[in-house]
Amino acid sequence: MRALPRWVLIPGLLGALFVLLPLVAMAARVEWTEFGRLITSESSLAALRLSLQTSLTSAAVCVVLGVPLALLLARSSFPGLSILRSLVLIPLVLPPVVGGIALLYTFGRQGLVGRHLEVLGVQIAFSTTAVVLAQTFVALPFLVISLEGALRTAGTRYEAAAASLGARPTRVLTHVTLPLVLPALVSGTVLCFARALGEFGATITFAGSLQGSTRTLPLEIYLQRESDPQAAVALSFLLMIVAILIIALARRRVPA
Amino acid sequence: MRAPRHRARPGHLVRPAAAALLGLLVTVGASGCGTGDVDAAESSTLVVYAAASLQEPFEELGEQFEAAHEDVEVEFDFAGSSTLVEQIQQGAPADVFASADEPNMDTLVDADLQAADPVPFATNTLMIAVPTGNPADVTDLASLTHDGVNLVVCAKAVPCGAATGRVEESAGVEFAPVSEEQSVTDVLNKVTTGEADAGLVYVTDVKKAGDEVEGIDFPESDSAVNTYPITAISDSAQQELGQEFVDLVTSESGQRVLDGYGFGRP
């Protein structure tokens, strides 16, 4: 650490300021006397509850689908692997609205998969399930990318040793591989949760917006801007606090 | 040997970051210059902030205005009226503001940003839009409340949602929409993609969507006529030019352009 050149200090601090200043500016705009009333209104609480509920579900889905996917990408080899690796990261670079449009043409009522579900009487459009799908779509790459990196860094020596001692593949996975990458798994899951919590574009494009079933906190903020900017600022501040708590939690769980 | 190597390594780490930061600074600097350019050219650029629903007729009117004023270029910003008012209040360089409803224009007037009293120049009413073929057999407002009809409307907070509320009231029905969208464009989108069986949008939106939707008129739409007001902005350096654009919009030829896109006359 001592070898850092001194000139790094100024742009570094500028960078920190660049991130922190808007947060301070927003906090300064909150009408504190009204804060309690604004964030406990029925629509705000419904949005907060829905956001937490859908983001937790999305994070869980990310783990269920993302861990096996990361394992495949890091440990197996098959033709097209490198292409697949690039493709699963696409939601990271796509504007979320584009993700929403893509989901609409997949799971919408006339969509590739959706029209068959419609025949079975399952409708995803305008449901909380649609919100979870949108959030999972944008959040999944975060888990995959952090876990795959950790798996590569960890290497396969311990796995090979365990296998040579007679452990079956599932036992190697649960007793050697996963414990080795646990910190990355935890931080990846927290990142997924955080990304799902902030999801806006794909949700509003694909799931719609209705209090209690699809209007998450970011959508509520966007809507409140139209009629009650003060409420929007208060809710933004609330979302920021939740975000800070998540980051704090992730940092504590995963020592650098 | 060891000392120089130690010093070299952090340098390697820092260089890409420094390059990125430099890039950022250059970008910020460049956009700063950009603003300067706009200031310099402002004498010949008229900036019109207009409600999103006005895009097609206003672009046509903008061309007419440019044809009549050789050295003037008309630039538009089309967005939700409330967004535009907020931006003008924060000092956005608008010369003219055309709102999709009166409350948003009132906000502008309350902030004393109008160069002259706002003038109503168009009206718009709601219409039921259904996907082509009308899969849910929607016939009137009452049929929108039937089970299994996926109805999408605007949220109460935006002008088209407020109009929807007035229609509900006067028709004595209560909708149970599957979604309350942020803008009328979002509602129309849900209908054209077939996600929704019906949506309440403006007459002009149905016209704009062409073959993708069918419009169904209903008598109660008279209870929620949206009036569009327009005004030049007082902070503008070229109020006169702004007023000329307002005059064009309210003139007979301007009104005819608006007629063509389905707007009513005030």
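This briefing walks through two chains of a predicted model, topic by topic. Because it is a predicted model, local features need pLDDT of at least 70 and side-chain atom pairs count only at pLDDT 80 or more, while totals for chains, interfaces and linings use all residues; side-chain values use heavy atoms, with hydrogens and water left out. Residues are numbered from 1 along each chain as its sequence is written, and chains are lettered from A, with ligands numbered from 1, in the order in which they are written.

**Chain A at a glance**

- Chain A has 14 helices and zero strands. Helices here are DSSP runs of H or I with at least four residues, strands are runs of E with at least two, and both are numbered from the N terminus.
- Read along the sequence, the pattern of chain A is simply α-α-α-α-α-α-α-α-α-α-α-α-α-α.
- The C-alpha trace of chain A spans about 65 × 65 × 30 Å along its principal axes.
- Of the 256 residues in chain A, 41% are buried. Buried means under 20% relative accessible area, exposed means over 50%, and partly exposed is in between (1.4 Å probe, protein chains only).
- A:Thr40 sits in the loop between α2 and α3 of chain A. A:Thr40 counts as partly exposed because its relative accessibility is 46%.
- A:Thr40 and A:Leu235 are 195 residues apart along the chain, yet their C-alpha atoms are separated by 9.7 Å.

**Salt bridges**

- Side chains of opposite charge can pair when their charged atoms come close.
- Over all chains, the structure holds 15 salt bridges. To count, a side-chain nitrogen of Lys or Arg has to be within 4 Å of a carboxyl oxygen of Asp or Glu.
- In chain A, the side chains of A:Glu34 and A:Arg37 meet in one of these, at 2.5 Å from N to O. Both residues lie in helix α2 (residues 32-39) of chain A, three residues apart, which is about one turn of the helix.
- A:Glu34 is partly exposed, since its relative accessibility is 27%, whereas A:Arg37 is exposed at 53%.
- A:Glu159 also forms a salt bridge, this time with A:Arg75, and their closest N and O atoms are 3.0 Å apart. This pair links distant parts of the chain, 84 residues apart: A:Glu159 is in helix α9 (residues 157-164) of chain A, and A:Arg75 is in helix α3 (residues 42-75) of chain A.
- A:Glu159 is buried, with a relative accessible area of 12%, while A:Arg75 is partly exposed at 27%.
- Over in chain B, B:Asp205 and B:Lys208 form a salt bridge with their closest N and O atoms 3.8 Å apart. Both residues belong to helix α7 (residues 203-209) of chain B and sit three residues apart, about one turn of the helix.
- B:Asp205 counts as buried because its relative accessibility is 3%, but B:Lys208 is partly exposed at 42%.
- There is also a network, in which salt bridges that share partners join B:Glu252, B:Arg256, B:Asp259 and B:Arg265.

**Strands in chain B**

- Strand β8 (residues 198-202) of chain B has five of its five residues buried, so it is largely enclosed by the rest of the structure.
- Strand β5 (residues 126-131) of chain B pairs with β8(B) in the antiparallel sense over four bridges. Two strands pair if DSSP finds at least two bridges between them.
- B:Met127 stands opposite B:Val201 in β8(B).
- Strand β6 (residues 151-154) of chain B runs parallel to β8(B), and two bridges join them.
- B:Val152 stands opposite B:Gly199 in β8(B).

**Surface patches**

- Patches are made of residues with over 30% relative accessible area and no salt bridge; like charges are joined within 9 Å, and nonpolar side chains (Val, Leu, Ile, Met, Phe, Trp, Tyr) within 5 Å.
- A nonpolar surface patch of about 720 Å² is made by A:Leu9, A:Ile10, A:Leu13, A:Leu14, A:Leu17, A:Leu21 and A:Val24. Accessible areas come from the Shrake-Rupley method with a 1.4 Å probe, and for residues only the protein chains shown count as cover.
- A:Leu9 is in helix α1 (residues 9-29) of chain A and is exposed, with a relative accessible area of 55%.
- B:Glu56, B:Glu59, B:Glu60 and B:Glu63 gather in a surface patch of negative charge. Asp and Glu count as negative and Lys and Arg as positive, with His and the chain ends not counted; a charge is placed at NZ of Lys, CZ of Arg, CG of Asp or CD of Glu.
- B:Glu56 lies in helix α2 (residues 55-68) of chain B and is partly exposed at 31% relative accessible area.
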